Every structure is written in C-alpha cells, then in structure tokens.
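The following exercises concern one protein model. Please work through each task with the sequence and coordinates at hand before reading the solution.

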Amino acid sequence: MKISKAIALLIMGVFLSACGGGSESGPAEAPPVVVPPPPVVKFGGFWFGNVVIDAATESEECGALVTEDGQFRFLCVFADLHLVGMSSTDQDVMTGSGQAFSSLPFLDGTFVSDLVVDATLVSGTSLVGTWSTASPGDSGSFDMVYDPEYEKPSSLGLLEGVWQSTDEFGNPNATYLIDDLGSFTAQDSDGCTASGMVLVLDSRYNLYQANSTIVGCPIAGDYSGLALVFDDFEANDSILLSINSDDRALLVVIQKTP
C-alpha cells in the first residue's frame, strides 16, 4: 500500500473597498504572507531491513518497532540481538539510549550492555543509522524501510481469545488466555506461569504495550515491552510479543485457536 501525505495551506486575502463620493481608492494593500508549519514527522512505525553487526562482520534481516512516544525495539532473530530503549527526534534526527540483550556474550563477556542509537528518520519511508554498546567493538548499523502494516487500527477486541505458541517442530508448548480488558494468563510446558496486561497505546496504530510477570521457572521475572497483531493464515490470527526484564529479552509468537 502506498502511503501519501497531504499538507493543506490556508491563503488569506484582504479586499478593500473604496468609500467617499468620487474619491480614488489608495494603493491596494498586499495580503499577509502565511508561512506553512513544518511537516509533522511520524515517529512510530514498523521497519524492516538489514542490521550490520560489526563484530560478526555480517548483516541480518531484522525488524524494528517504534511507538509514537519513542519506544524502540530492534529484533534480530538469528543473532538473538534485541536493542531496546527510548528515543526522541529533532526534525529528522533520531537519538536514543537503552540496553542491548543477547543470548551470546558480547565481547566484554556480558549479556546485557548499555546502548546508544543514532539515526535519520524519513517519516513513513526509511530509518537509517548506527548502534553501539558499552562493550567495545559491539556496534553496527541499520538501513530499514517502513511497513504500512503499522497503520492497522488496534483494539482489545482483536486480542480476546485463546492463543498458543509452538516449538520448532510445530508442537504446542504454551497456552495464553486473553480477556476483553487485555488481561492474560499463560502456562507453558516448562512449568512457567505468566500473568499480565496488554494495553492499546494509540488506536490508530498496530502496537500495544505489554507487561508480564513470569514465575515458576528459570526465566522468572517482571517483563515489559510491545506487542503487535499480524496476519498469518487468517486476518489478525497472530500476535508477536517482544518483552524484556532487567537481564534478558524474549520474543514470542502466538496464534489464535479456533
């Protein structure tokens, strides 16, 4: 779908009429100059493209989620790299900070590292920039394009129901129950029990805030992050959940059951 943006400009004119019997009117007054406001930059979006990991001398096709208030989450599945934080924009310049998570150690031996992101954002078109961590040598760049799926409306009604995740062999390994208020519970085959809330951030856009507490297993903890609804076999039949605690990040895909 091609995204278009229109900017309306109001032009005002001043018309003077002559008055007095037989007298000539004075010189016409020039209309005031109306300066249009600068275009509004759409901050949020889904973004897809290459993320370069300098230490691995390679790139990977990754995704990024950015909310209208500046939350960002870069997700690289095969490298298991999660870049998470808050950002702001000044015109088309985006700067952010947060944390980088990986299941493989960074060069300094840690699995979580402080993060800085700098980028140029062309609203609804592209997101290009660099990332670096506090671990020397763990850095890279990204070049991504906008996905208009972001502009699908969000609602709690799309989330209500029974959902399941599966393992790499396609076998169900967790069940999620989500009610009409966005509250959910979940149980997986490893003994993890989770509860939490999914909230609409902005009903115009397809991103949700997600919070969860997991107990009863090695990944227990308090998590927060973002979720989005997407089409797999049917419309709105899948949810991607990207959340993190203080020491790990999780990426889960669940599908609605009949």
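**Exercise 1. Aromatic pairs**

How many aromatic pairs does a search of the whole structure find? Classify the pair formed by Trp 47 and Tyr 146.

*Solution.* The model is a predicted one.

Step 1. The search of the whole structure returns 7 aromatic pairs.

Step 2. For Trp 47 and Tyr 146, the ring centres lie 5.3 Å apart and the planes stand at 65°. Planes over 60 degrees apart count as edge-to-face, so this pair is edge-to-face.

Step 3. The pair connects distant parts of the chain, since Trp 47 belongs to strand S1 and Tyr 146 to strand S8 (residues 139–147), 99 residues apart.

Step 4. The rings of Tyr 146 and Tyr 150 have centres 6.5 Å apart and planes at 75°, so this pair is also edge-to-face.

Step 5. One aromatic cluster is formed by Phe 46, Trp 47, Tyr 146, Tyr 150 and Tyr 205.

**Exercise 2. Burial of the aromatic residues**

Decide whether Trp 47, Tyr 146 and Tyr 150 are buried or exposed.

*Solution.* 

Step 1. The cut-off for a buried residue is under 20% relative accessible area.

Step 2. Trp 47 has 0% relative accessibility and therefore counts as buried.

Step 3. Tyr 146, at 10%, counts as buried.

Step 4. Tyr 150, at 1%, counts as buried.

**Exercise 3. The barrel**

Describe the strand order of the closed barrel and the pairing of S1 with S2.

*Solution.* 

Step 1. The closed barrel has 8 strands, in the order S1-S2-S3-S4-S5-S6-S7-S8, and the pairing is antiparallel.

Step 2. On average, neighbouring strands of this sheet are turned by 25° against each other, with direction ignored.

Step 3. Strand S1 covers residues 45–53 and strand S2 residues 58–66; the two pair in the antiparallel sense over 9 bridges.

Step 4. Within this pairing, Val 51 stands opposite Glu 60 in S2.

**Exercise 4. The cavity**

*Solution.* 

Step 1. The largest cavity holds about 100 Å³ of space.

Step 2. Its lining includes Leu 159, Tyr 176, Phe 184, Tyr 208 and Ile 254.

Step 3. Strand S10 (172–178) and strand S15 (238–244) are the elements that give two or more residues to the lining of the largest cavity.

Step 4. By class, the lining comprises 10 nonpolar residues, no polar residues and no charged residues.

Terms used:
Residues numbered from 1 in each chain as written. Predicted model: local features only at pLDDT ≥ 70, side-chain atom pairs only at ≥ 80, totals over all residues. Heavy atoms only, no water. Pairing = 2+ DSSP bridges. Helix = DSSP H or I, 4+ residues; strand = E, 2+ residues; numbered from the N terminus. Axes fitted to C-alpha atoms, helices over the stretch in contact; angles between N-to-C directions. 1 Å grid on protein atoms, 1.4 Å probe; cavity = no way out; pocket = protein on both sides within 12 Å on 5 of 7 lines; lining within 4 Å. Points joined across faces, edges and corners; volume = space filled by probe spheres on them. Nonpolar A, V, L, I, M, F, W, Y, C, P; charged D, E, K, R; others polar. Phe/Tyr/Trp six-rings, centres within 6.5 Å; stacked < 30°, edge-to-face > 60°. Buried < 20%, exposed > 50% of the residue type's maximum accessible area, 1.4 Å probe, protein only.
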